[in-house]
Amino acid sequence: MHKKDLGLLVLVLVIGAITTALNPVFLSPVNLVNMANLIGLFGIFSIGQGLVIITGGIELSVGSMFALIGVIFVDLLVNFALPWPIVVLVAIGLGLVFGAVHGFLVTRLHLQPFVVTLCGLLIYRGIARWYMADATIGFGYGDFDTLFWLASGRSFGIPHTFIAFVIVAIVMYVVLHKSVFGRHLLAVGKNEEAARFSGINTRVVIASAYMINGALAGLTALFLAFYTSSVSPSAHGSFYELYAIAAAVLGGCSLRGGEGSIPGIVLGTILLQILQNLVNLLGIPTSLNFAVMGTVILAGVLADQALQRRRAIKVAEQQRAKVVAAA
Amino acid sequence: MPAPFLELLDITKTYPGVTALSGVSFAIGAGEVVGLIGENGAGKSTLMKILGGVVEPTRGTIRVDGNERPAFTVTESMQAGIAFVHQELNLFENLDVAANIFIGREPRSGGFLNLVDQAETRRRVAPLLQRLGVDFGPDTPVAELAIAERQMVEIAKALSLNARLIIMDEPTSSLTLSETDRLLSVIAELKAQGVAIVYISHRLNEVKQCADRVVCLRDGKLVGTLAKDEIEHPAMIRLMIGRDLKSVYIPPKHAPKESGLTLEGLRTTAFPDFAVDLTLRRGEILGLAGLIGSGRTSLARAIFGIDPPLAGTVALDGQPITVANPQDAIARGIYLAPEDRKRSGLILEFPIRENISLADLKEYAPSWLIRRDKELATAERQKVRLGIRTPSVETPAISLSGGNQQKVVLAKWLSMRPQVIIFDEPTRGIDVGAKAEIYQLMRELAEAGVAILMISSDMEEVIGVSDRVAVMHEGSIAGFLERSQLSEHAIMELAIGHRPAA
Amino acid sequence: MKRRGIVALCAAALMLSIGAGAASAQEKKTIALVTNASADFWTIARRGTEKAQEELPNYNVEFYVVAESTAAEQRRILDDLLTKGVAGVSISSIDPANSTEILNRVADQAVLFTTDSDAPESKRIAYIGTDNRQAGVQAGELIKKALPDGGKIMMFVGTMGAANAIERVDGIKQALEGSNVEIIDIRTDEVDFARAKRNVEDTLTKYPDISGLVGLYSYNTPQIVEAVRAAGKIGQVKVIGFDEDPVTLRGIADGIVDATVVQQPYEFGYQSMIGLAKVIEGDKSFIPEDGLIIVPTKVIDSSNVEEFQSQMRELLAN
């Protein structure tokens, strides 16, 4: 584990401890299970967002993807009565396609990621609302026991969203930190030109990050639809991309690209969810929710900056000492 | 006799654990050109930072016109008339010449509207440009200027500040021979006008041409001063490295093979109307000379697949090959050590180990996952082979000196299977010792059957290292010179488009 | 429920790309209803406006659903309607206290009704809707009935800015006065369903001994139903809701929800459009002195839920 991640872990533990001290219910099994569920929901797409941010890009359309994929998913399931495995594949496939389109626009047509995904945000949201004529769609009276159990059930008391999140996190950890693709991703994010001069197909690498993010967004759309049991196309998932960006930034991803780790993003997500939980548990007015979140993110980023500067100075001194010793 | 313009007495600067400068004293008078030489890390940049007021000396005295300046700040430095022309130019490409010269202190008009007085700016810039004898005007966008011209803008900016001392840090590292000559004549001009110059350069020829006096730093100490009539190559080199440098040219042991890389009718995106024909043989070092912008780097990028050629054929050992992107080139063993190491050659924040393995990661990942032990083994082997001076291969490339960074770039390619290596300005900004090591390495590679193309603007390097030289002029090869024909004169003739006398 | 199929999606994409679009009849006067959120509640109201459209062939009846539940979004829609020269508007104002200016601008140019959520400060001609305070009192009585020995309850709502939320809360407080029922707090969710659900989950965690949950907005009760079901607290916690979301109704059938107070959005939509047309044609006689046309609320509990469900299915089926 990176030192940066360790600092975040300490922050998570400290805030957890404070919350527990103020309200011991925080550590009750019920609360932990509820939180695990939400961490799973928000964590899966935060990891995807993190990968995109590592390329130096950004993905703003995630929330709108949830709405569009969500309404299509529920519609196919409820009104078209298609078999659920097909519908699940369609939903994840749709996310993959959206990601591929974004990747294409960014790498081939050289549009800025912010612009591409901002347009995605507007377009997907608009289509979702138009598709449903703004009505909320629910699962109604259909019988989706298997899928319902898969998406919102528990095994051994652990919510399936959380299990899915753990699996995604482990897989992406290996991909980012151990595989050739991951190394290429970090290299491209840090210095695209040098990566190209080293024979890395930078376009494929960047587009892949958007596609992975899209697929993870598609997966999350399923879980989220089952969590809320209905999808209101105008509000569903609105602003959720910002939770993902916040988690990634808290977790040490630099918006300039090239930096970030999966443990960091996981911890970032956990911290964000703890914050939301503590607002409710400590009886802080719900309207202050966003203010609490913003303040903690700002504090976290500032603290990280300060620590990093101190560490940089220390490292420089050590290195200078070593060089002098070697000379 | 009046006090000299600037005096440094016993300047010492220590950082925790390191002494960057110790007891350096020297003075410079009006209209004097002082050559400052020394290997990288000798303390030149620290000294310059002290003169600029950026860094405060730990001990020592600075006097301007005989008056002591106890706290020499950036503002004081500017007021004293000290100006810098840096190696990396600090210009705004999106603005024109006049705006750059007056950036931050624009003449105002329009009262509270605070408009920039364009007419006044231009009126004040024009004579400065005239003084430097340049052929662009105040309205020319900087983006349209060549590097040498941009340097003139920097000098004009210094003059506009009534500079009494201009410190030039490696001013010719990106200049061609004629541009360098021009700069040297501008320096002579400034000197005649009473401006003092500190000229920092690794190019001893230039130092010899322009300096009235040479001071040399080594390991933070001033190790010697050469008077005008003592300034000779061997003397300067001896001062810098404390020993005599052997002749750089290493003759090949074997004659080059006939096979190698053949380019026929190659057209690059930079010069679509001109075709390049070139044969590069295994076992030789072919120097590629020419003026900046003559198409040498475009040719390198075309061969390496960064900007794939528009037309023509490329053949390796007689087999025609297609290079549509760097992946294709690398698969054939054609490698490029790019001109701008920091931007294109390295991922500076990555450790040495990861930089070395980057182009060949699949070799380190037999089962999809990268084997760190294999990476480490390769990195350690290359570190020893190339003599990369670093405490550990886990050190980020950013903390290495220029020479060691270049060695990491080379280690990346040497750890693979090189057939052809293109070196674009291989020793720019690298100190004398490391230069010799890189030349030695190029020779070893050639002896091992690698074909080497060395692009260089450093005439000493082109003549000192190449077995054969190709000279480019406006996108095509103006001519080839065998080793026996090599001279600055012959190369220049071709570079400026004159056919050599038969 | 009106739903556009995937085929239609593709067809529309094609149409958009060709740039074709049916031009609406210019000479017909436009009357419109502007909602404050998107929910089945408004889908039912929409059925009412569609019924009215059938009876008003000379009018162009339009229905606007806000993208976000913000006053700014409503203002944008109203500005657009004014630009288009709308003849009559019925609106459920999100922030009535601070929207007087824009509402009065509408009233100056067109006939203005409010529905569902009133804006008494504005120059609206009539309010068609629930007396939310009365509905609140009704809900309060249901709470007292469900908790004869008293207890602690929590309320859930989108935002506390809207008048209907404020009045429902007032009505509930009024009814609960003097009883043993204590209101712990009101949790808001900014109309984010996931947050609405998390609010319920966290409440159940923080107050394991809580005895009642009240969902003030139509989507709040379904989220309560899901959370109570997941927490395995069916029967231990009494749930009183508002409105007629299918999940709420199923919750009544399943015994999770005790009762829900339903409005008659169908009537809101229908009466709004018919009333606007009448006023435009000069007939104001149907409007009472105080301008309040109250559509009474109904209580749905286990006794009448089945009948109501089939009624709803009919309305929502396309």
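Me: Which strands of chain C does helix H5 (residues 132-146) lie across?
Reply: Helix H5 of chain C lies across strand E6 (151-157), E7, E8, E9, strand E10 (259-262) and E12 of chain C, and runs at about 165 degrees to E9(C). This is a predicted model, in which local features need pLDDT of at least 70 and side-chain atom pairs count only at pLDDT 80 or more, whereas totals for chains, interfaces and linings use all residues. Residues are numbered from 1 along each chain as its sequence is written, and chains are lettered from A and ligands numbered from 1 in the order in which they are written.

Me: How are the helices, strands and angles defined?
Reply: Helices (H or I, at least four residues) and strands (E, at least two) are DSSP runs, numbered from the N terminus. Axes are lines fitted to C-alpha atoms, for helices over the stretch in contact, and angles run from 0 to 180 degrees between N-to-C directions.

Me: And which strands lie under helix H6 of chain C?
Reply: Helix H6 (residues 163-176) of chain C lies across E6, E7, E8 and E9 of chain C, at about 170 degrees to E7(C).

Me: In what order do the strands of that chain C sheet come?
Reply: The order is E7-E6-E8-E9-E10-E12, in an open sheet of 6 strands with mixed pairing. The edge strands, each pairing on one side only, are E7 and strand E12 (298-301) of chain C. Two strands pair if DSSP finds at least two bridges between them. Neighbouring strands of this sheet are turned by 20 degrees against each other on average, direction ignored.

Me: Do E8 and E9 of chain C pair in what sense, parallel or antiparallel?
Reply: Strand E8 (residues 212-215) and strand E9 (residues 238-242) of chain C pair in the parallel sense, over 4 bridges. C:Gly212 stands opposite C:Lys238 in E9(C).

Me: Changing topic: which chains share the most contacts?
Reply: Chains A and C do, of the 2 pairs of chains in contact. A contact requires that the C-beta atoms of two residues, placed from the backbone, lie within 7 Å. Chain A gives 35 residues and chain C gives 32 residues to this contact. On the side of chain A that touches chain C, helix H2 (29-54), helix H5 (113-131), helix H10 (202-228) and helix H12 (262-281) each supply at least two residues.

Me: What about the side of chain A that touches chain B?
Reply: There, 24 residues of chain A are in contact with 30 residues of chain B. The largest share of that side of chain A, 8 residues, comes from H13(A). The side divides into 9 nonpolar, 7 polar and 8 charged residues. Ala, Val, Leu, Ile, Met, Phe, Trp, Tyr, Cys and Pro count as nonpolar, Asp, Glu, Lys and Arg as charged, and the others, Gly among them, as polar.

Me: How far apart are the closest C-alpha atoms of chain B and chain C?
Reply: They lie 36 Å apart, and no contact joins chain B and chain C.

Me: Now C:Val191: where does it lie, and what is its phi?
Reply: C:Val191 lies in the loop between strand E7 (181-188) and helix H7 (193-206) of chain C. C:Val191 has a positive phi of about 60 degrees although it is not a glycine. Most residues other than glycine have a negative phi.

Me: Is C:Val191 buried or exposed?
Reply: C:Val191 is buried, because 26 other C-beta atoms lie within 10 Å. The cut-offs are 20 or more other C-beta atoms within 10 Å for buried, 12 or fewer for exposed, and partly exposed in between, with C-beta atoms placed from the backbone.
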